[in-house]
Amino acid sequence: MKKTSQEKLYEAALELITAQGYENTTVLQIATKAGLTERTFFRKFKNKADIFFAGGEQYSQMLLTKMKESEANNPLAIILESYFYAADFFDEHRERTVKRQKIIASHPDLEERELLKQSKIEELLVEYLLTAYGERSARLAVRLARAVYSVAWEEWLENDADSLHHLLEKAIADFNELKNY
């Protein structure tokens, strides 16, 4: 399957920034590495940082779609089902995802933008749950699910021996144990 110009630019950015650092990599270098022009880069992205956040809308839609398909009747279970789906996606794209996260972690502005993105996604998930649950239950479910997922995510980024899916299962088991203390 032929890669889109956006995919080519993303892969070139990952490779160059991983090798040279975020600050030392230019838009021109990224475009050239991708076999494209700087003009094409700016038709796809406003700036270098945008490359790493272009998939945010797709990610939130993926979570919402899975939530809508869920047959669970517990808001926490609904969200966790969508996170399992996301875990499977990230397991399939592990190398790219880990590189992206390392780049984001290396630059404060990117970290801040990632946190803002996550906050917006959480609000979308809460909005969806509000169609069937009260506000307190919706917010609590989203925040609890995000905390459990974050524990698995952080471990997954540091440990390539286990799948995110399995680490999420373990984090849920640990959460359930904590509830019984």
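Me: In which helix do Y149 and W153 both lie, and how many residues apart are they?

Reply: Both lie in helix α8, four residues apart, about one turn of the helix. Helices here are DSSP runs of H or I of at least four residues, numbered from the N terminus. The model is predicted, so to speak of local features a pLDDT of at least 70 is needed, side-chain atom pairs count only at pLDDT 80 or more, and totals for chains, interfaces and linings use all residues. Residues are numbered from 1 along each chain as its sequence is written, and side-chain values use heavy atoms, with hydrogens and water left out.

Me: What is the average pLDDT of the protein?

Reply: pLDDT is the predictor's confidence in each residue, from 0 to 100. The protein averages 94, and 100% of the residues score at least 70. Confidence is lowest in helix α4 (residues 56-69), with a mean of 92, and highest in helix α2 (residues 27-33), at 97.

Me: How many aromatic pairs are found in the whole structure?

Reply: A pair of aromatic rings is described by the distance of the centres and the angle of the planes. Rings of Phe, Tyr and Trp (its six-membered ring) pair if their centres lie within 6.5 Å; planes under 30 degrees apart are stacked, over 60 edge-to-face, and the rest tilted. The search finds nine pairs. One of them, F90 with W153, is edge-to-face, at 5.1 Å centre to centre and 70° between the planes. This pair links distant parts of the chain, with F90 in helix α5 (residues 75-92) and W153 in helix α8 (residues 135-158), 63 residues apart. F90 and W153 are both buried (under 20% relative accessible area; exposed is over 50%, partly exposed in between, with a 1.4 Å probe and protein chains only). Y149 and W153 are stacked, at 6.1 Å and 25°.

Me: At what angle do helix α6 and helix α7 pack?

Reply: Two packed helices are described by the angle between their axes and the distance between the axes. Axes are lines fitted to C-alpha atoms, for helices over the stretch in contact, and angles run from 0 to 180 degrees between N-to-C directions. Helix α6 (residues 94-105) and helix α7 (residues 108-129) pack at about 115°, with axes 7 Å apart. Contact means heavy atoms within 4.5 Å. R100, Q101, I103, I104 and A105 of α6 meet L110, E111, E114 and K117 of α7.

Terms used
Helices (H or I, at least four residues) and strands (E, at least two) are DSSP runs, numbered from the N terminus.
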